[in-house]
Amino acid sequence: MLSFTVIPIQENVKNLFDVSFGLVFSSLLHESFSGEERNWAGPDRLSEDLSEKYRSFSRSFIFGMKCIISKDIKISNDLALCPHYAFGIGLINEFKNFPRSTKSTRHFWGIGLKKRLNP
């Protein structure tokens, strides 16, 4: 998957932490899947191989929103430690076929290091 994120909104909340909002555009580069769909209703128990039923399973393009909460912890005049939490939610269905109403949700915790190049 290849993703591109645009973060146009960033607010500092009472000089405690930063909150950023933006949009995510993702494209699926390669897909492989396997599985079986079973129907247990009625007297006939039907089973169908998903790879024979569908040529592809996921959408090739996903669009969503992202929120990032971060805090810069100053270590020195030109160095800061930057822990952050990011939450993303898909705005369109992730799969083309079954299940039809599934949207992605992603959580990410990270830590970064900021260095000022011109002190």
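# Contacts and surface of a predicted chain

Me: Which side chain does the side chain of S26 make a polar contact with?
Reply: The side chain of S26 makes a polar contact with the side chain of S3, at 2.7 Å. Please keep in mind that this is a predicted model, and the distance is one computed from it.

Me: Where does S26 sit, in which strand?
Reply: S26 belongs to strand β2, which covers residues 17–27.

Me: And is S26 buried or exposed?
Reply: S26 counts as buried, because its relative accessibility is 8% and the cut-off for buried is under 20%.

Me: What else is S26 in contact with, leaving aside neighbours within four places in sequence?
Reply: With those neighbours left aside, S26 is in contact with M1, L2 and S3, and also with S60, F61 and I62.

Me: Stepping back, how many helices and strands does the chain have, and what pattern do they follow?
Reply: The secondary structure comes to one helix and eight strands, and reading along the sequence gives the pattern β-β-β-β-α-β-β-β-β.

Me: What share of the contacts comes from residues 24 or more positions apart?
Reply: Among the contacts with a separation of 6 or more, residues 24 or more positions apart account for 51%.

Me: Changing topic, how many aromatic pairs are there?
Reply: The count comes to two aromatic pairs. One of them is formed by F25 and F63, which are tilted, with 5.3 Å centre to centre and 40° between the planes. That pair links distant parts of the chain, since F25 is in strand β2 and F63 in strand β5 (residues 61–70), 38 residues apart.

Me: How accessible are those two, F25 and F63?
Reply: F25 counts as partly exposed at 28% relative accessibility, and F63 counts as partly exposed at 25%.

Me: What about Y85 and W109, why is that pair called tilted?
Reply: The ring centres of Y85 and W109 are 4.7 Å apart and their planes are at 40°, so the pair is tilted; the planes would have to be under 30 degrees apart to count as stacked, or over 60 to count as edge-to-face. This pair also links distant parts of the chain, with Y85 in strand β7 and W109 in strand β8 (residues 105–115), 24 residues apart. W109 counts as exposed, because its relative accessibility is 67%.

Me: Now charges: how many salt bridges does a search of the whole structure find?
Reply: The search finds two salt bridges. K114 forms one with D72, where the closest N and O atoms are 2.9 Å apart. That pair links K114 in strand β8 with D72 in the loop between β5 and β6, and these residues are 42 residues apart.

Me: Which residue does K115 form a salt bridge with?
Reply: K115 forms a salt bridge with D78, and the closest N and O atoms are 2.9 Å apart. K115 lies in strand β8 and D78 in the loop between β6 and β7, so the pair ties together parts that are 37 residues apart in sequence. K115 counts as exposed at 52% relative accessibility, whereas D78 counts as partly exposed at 22%.

Me: Last one, backbone: what is the phi of K14 and of N15?
Reply: K14 has a positive phi of about 50° although it is not a glycine, and the phi of N15 is near 55°, also a positive value in a residue other than glycine. Most residues other than glycine have a negative phi. K14 is in the loop between β1 and β2, and N15 is found in the loop between β1 and β2 as well. K14 is exposed, with a relative accessible area of 75%, and N15 is exposed, with 66%.

Note on methods
Residues numbered from 1 in each chain as written. Predicted model: local features only at pLDDT ≥ 70, side-chain atom pairs only at ≥ 80, totals over all residues. Heavy atoms only, no water. Helix = DSSP H or I, 4+ residues; strand = E, 2+ residues; numbered from the N terminus. Buried < 20%, exposed > 50% of the residue type's maximum accessible area, 1.4 Å probe, protein only. Polar contact = N/O pair within 3.5 Å; in protein donor to acceptor, adjacent residues only side chain to side chain. Contact = heavy atoms within 4.5 Å. Phe/Tyr/Trp six-rings, centres within 6.5 Å; stacked < 30°, edge-to-face > 60°. Salt bridge = Lys/Arg side-chain N within 4 Å of Asp/Glu carboxyl O.
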